[in-house]
Every structure is written in C-alpha cells, then in structure tokens.
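Thanks, everyone, for making the time this morning. I would like to walk through one structure with you, residue by residue in places, so please have a look at it before I start.

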Amino acid sequence: MRRKPSSFTLPALTPESAYLSRRDLLRAMGFAGLGLAGLLGSPALWAGEVRDVAGTLVNLHALKAAPNPSFPPGGAAAAPLGLLTDRIQAASFNNFYEFTTGKEVWPLVEGFVTRPWQVEVVGLVERPLTLDAQQLARDMPLEERHLRFRCVETWAMDLPWIGFPLGLILEQARPLPAARYAAFRSFLRRDQAPGQARQGRLFDLWPYLEALTLPEALSELAFVAVGVYGHELPRQQGAPLRLVLPWKYGYKGIKAFTRIELTADRPPTFWNTLAPGEYDFWSNIDPAVPHPRWSQAEEYMLDTGATRPTLKYGGYGQYVAHLYAGLSPDDPGYGFGG
Ligand SMILES: Nc1nc2c(c(=O)[nH]1)N[C@H]1C(S)=C(S)[C@@H](COP(=O)(O)O)O[C@H]1N2
Ligand SMILES: [Mo]
C-alpha cells in the first residue's frame with residue numbers, strides 16, 4: 001500500500017531565512033522586488049557563480065557571523081549548527097566525480113550546460129512526468145533549511161539550502177503500490193564533463209546512481225535543493241538540482257540528476273557498486289560504525305577545521321530513526337517499518 005507523506009504541513013517546514021530575512025537578503029544582493037523565483041531565474045547571477053568563487057562577484061562572507069537557527073526552527077533537539085560554513089569554501093572544495101576525482105571542481109564546470117534541464121519521473125508510477133528544472137524552481141514552494149552536511153570522508157558543513165521536499169515531486173507522479181525504491185541518475189555527457197571522458201574502471205559506471213527506499217524518499221527531511229546562500233546552486237554544487245539528505249553521508253545526495261525511477265527491487269548505486277565493503281546502501285551517519293579505513297566518531301568543519309562529534313543520523317534522528325526502528329541494516333526490509 002502506498003504511504004502518503006503526512007508531514008508536509010508540519011510547522012517544522014515553515015520557510016525560515018535565518019541569516020537575514022528574505023527581503024533583507026534580496027536587498028543586500030540588489031534584487032529587492034524581484035522575488036526569490038526571479039533571483040533564481042537570473043542567468044547573470046547563475047553565470048556569475050563560477051566567477052564568484054574567484055571572488056569577483058558579490059560575496060556574502062560577512063553573513064557567516066549572523067546567528068544560525070537549526071532546522072527546524074525551534075527544534076532544540078535537532079542537530080545544533082555552528083556558524084554557517086564559508087560559502088566560498090563550500091563552492092570551491094567539492095566532490096563531483098563527473099568532473100574530477102579531485103576537489104577542485106569549479107574550474108571545470110564552465111562548459112557544463114544546466115539549462116534547459118529536464119528530469120523524468122518514471123517506473124512504477126501512475127503518471128510518468130517530465131519536469132523542467134527551472135519551472136520547478138518557479139512553481140515549488142521554496143523554503144530555506146539550515147542543515148548539517150557530512151561527507152563520509154569526515155569533512156562537514158553547515159549550509160542554508162533553498163529547495164523543496166522531494167516528496168512533492170513523487171506525489172505528483174503518484175507511486176504505484178508495488179514501488180519500494182526511488183532510483184536517481186545523474187547524466188552522461190563526456191563532452192561537458194571531463195571526468196566522464198576519461199577511461200578506466202570507475203568511469204564505466206557512469207552515470208552516477210543513487211537510491212532511497214520510498215519511505216526514505218517521502219520523509220520530510222529528503223530535500224531537493226535548487227539554491228544555497230540565496231543564490232541558485234553553483235554548478236559544482238549540483239545545479240540545477242540535487243538531493244540533500246542530512247542524515248546520510250554526502251555521497252547519497254546525488255547532484256544534477258535527470259531521472260527518478262520508482263522500482264520494486266533495490267537499484268544498484270554508484271559507490272556501493274564500486275566498493276561494497278566501504279559504502280553500504282544505507283549510509284546513515286553513525287559515529288559508532290567506523291569506515292573500514294577510518295573512524296567516523298568526529299567530523300571537521302570544511303572552512304575552519306574545527307572538529308565536533310559526529311551525531312547519529314547527523315542529529316536528525318527525530319525525523320528518520322523510525323524508518324529503521326527494530327530492523328537490522330542487513331534486513332532486506334530495512335527502512336520499511338516491518
Ligand atoms: N552526480 C554526483 N553527485 C554527487 C557526487 C558525485 O560525484 N556526482 N559526489 C557526492 C559526494 S561524495 C558528496 S560529499 C557530495 C558533495 O557535495 P558538495 O560538493 O556540494 O559539498 O556530493 C555528492 N553527490
Ligand atoms: Mo562524500
């Protein structure tokens with residue numbers, strides 16, 4: 001039977017612009033009156049993001065000193081944030097293997113065309129959809145969420161993402177009762193993505209694939225980001241849209257996806273296929289479960305290097321722990337509540 005997401009109307013999802021009110025933010029950026037959708041639709045700003053990393057465009061460095069409420073607003077039990085991560089650092093140290101196995105992705109995205117951009121929703125759905133990413137950014141009820149982000153390599157960030165719950169897209173497509181997983185696929189463009197043009201074992205796996213169980217995908221925490229720090233996403237950070245799953249290690253959050261397929265069987269995923277002993281399907285953040293080659297007990301902030309203890313589920317257990325209650329990670333039904 002299909003599980004209807006019941007939580008989309010929770011006050012926890014109220015849009016909250018924390019480092020500045022939205023109007024102040026827009027004014028600070030010189031876009032007062034345009035509205036957020038207008039801002040996101042601005043090609044000039046979008047093209048400017050790469051230059052921005054080099055420091056030549058408007059930069060909001062000063063804002064990182066502002067107070068940062070956690071998501072959800074008022075949820076004291078949710079993961080406490082530090083200062084928001086320096087936005088230039090967040091845009092200049094990235095994982096995006098379609099471009100490079102190194103961290104300097106931003107100089108390589110100049111030729112990557114992210115508009116127009118279509119996303120198919122197919123498979124076990126009543127209504128297959130083809131969505132336009134720009135249209136989604138205009139039509140969806142955008143909200144800003146300040147969230148912890150944690151890469152499996154132990155670096156971490158606190159970022160203000162802009163986007164909408166993933167469940168809103170899935171609901172539109174109407175999952176069929178047989179649907180148990182949502183599989184996500186990035187793109188294959190050897191002409192635009194230098195990492196994909198290279199040969200080798202790793203690169204035979206393209207495009208990047210990730211997947212969630214349907215209950216995970218319908219969780220209120222599963223988020224599609226179209227922007228960050230009041231800007232459209234820089235391409236190195238996953239433009240035009242990416243998953244943000246703050247209770248899972250970063251690699252589950254696929255960037256620049258073009259397809260969502262609902263399936264009955266567990267889909268293969270990129271890192272799990274490459275190294276199943278190191279990256280499991282679930283990849284829920286857990287300080288007590290070390291990676292085979294390093295401890296996961298602590299994380300360090302990307303910009304300051306400050307360390308803090310890793311929190312189970314990234315600190316968001318109150319929203320997702322029930323998805324895994326009483327089930328072993330080896331259980332094929334794990335994530336389905338029995
Ligand atoms: N398509 C795609 N998505 C991806 C990756 C990738 O290589 N390709 N890397 C993942 C990893 S390992 C991490 S940690 C995050 C990094 O996001 P960031 O660069 O915005 O910090 O993106 C994830 N999404
Ligand atoms: Mo990662």
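Predicted model: local features only at pLDDT ≥ 70, side-chain atom pairs only at ≥ 80, totals over all residues.

Let me begin at Q318, which lies in helix α10, residues 317-320; helices here are DSSP runs of H or I with at least four residues, strands are runs of E with at least two, and both are numbered from the N terminus. Q318 is partly exposed, with a relative accessible area of 47%, where buried means under 20%, exposed means over 50%, and partly exposed is what falls in between, with a 1.4 Å probe and protein chains only. The C-alpha atoms of Q318 and A79 are separated by 9.9 Å, although the two residues stand 239 residues apart along the chain.

Residues are numbered from 1 along each chain as its sequence is written, chains are lettered from A and ligands numbered from 1 in the order in which they are written, and side-chain values use heavy atoms, with hydrogens and water left out.

Now the overall picture. The chain has 10 helices and 12 strands, and of its 338 residues 58% count as buried. If we take contacts, meaning heavy atoms within 4.5 Å, with a separation of 6 or more, residues 24 or more positions apart account for 72% of them. The chain exposes about 13600 Å², of which carbon and sulfur atoms supply 56%; these areas come from the Shrake-Rupley method with a 1.4 Å probe, and for residues only the protein chains shown count as cover.

What surrounds ligand 1? There are 18 residues around ligand 1, and the closest are N94, Y97, E98, R242 and K255, a residue being counted when one of its heavy atoms lies within 4 Å. By type, this shell divides into nine nonpolar, six polar and three charged residues, with Ala, Val, Leu, Ile, Met, Phe, Trp, Tyr, Cys and Pro taken as nonpolar, Asp, Glu, Lys and Arg as charged, and the others, Gly among them, as polar. Oxygen atoms of ligand 1 lie 2.8 Å from a polar side-chain atom of N94, 2.7 Å from an N or O atom in the side chain of R242, and 2.6 Å from an N or O atom in the side chain of K255. Taken alone, ligand 1 exposes 530 Å², and the protein buries 98% of that.

Leaving aside residues up to four places away in sequence, F257 touches W117, V119, F184, R185, S186, V224, L241, R242 and L243. Helix α6, residues 166-173, is mostly covered, with six of its eight residues buried, namely L166, G167, I169, L170, E171 and A173, and the helix is followed by R174, whose phi is positive, near 55 degrees.

I will finish with some details of the backbone. R115 and P116 are joined by a cis peptide bond with omega of about 0 degrees, and P116 sits in the loop between α4 and β1. The side chain of R115 makes a polar contact of 2.8 Å with that of E232, a polar contact being a pair of N or O atoms within 3.5 Å, where within protein one must be able to donate a hydrogen and the other to accept it, and residues adjacent in sequence count only if both atoms are side-chain atoms. E232, found in strand β8, is buried, with a relative accessible area of 10%. Another cis peptide bond, with omega of about 5 degrees, joins A239 and P240.

Finally, T154 is not a glycine, yet has a positive phi of about 90 degrees, and T154 is buried at a relative accessible area of 14%.
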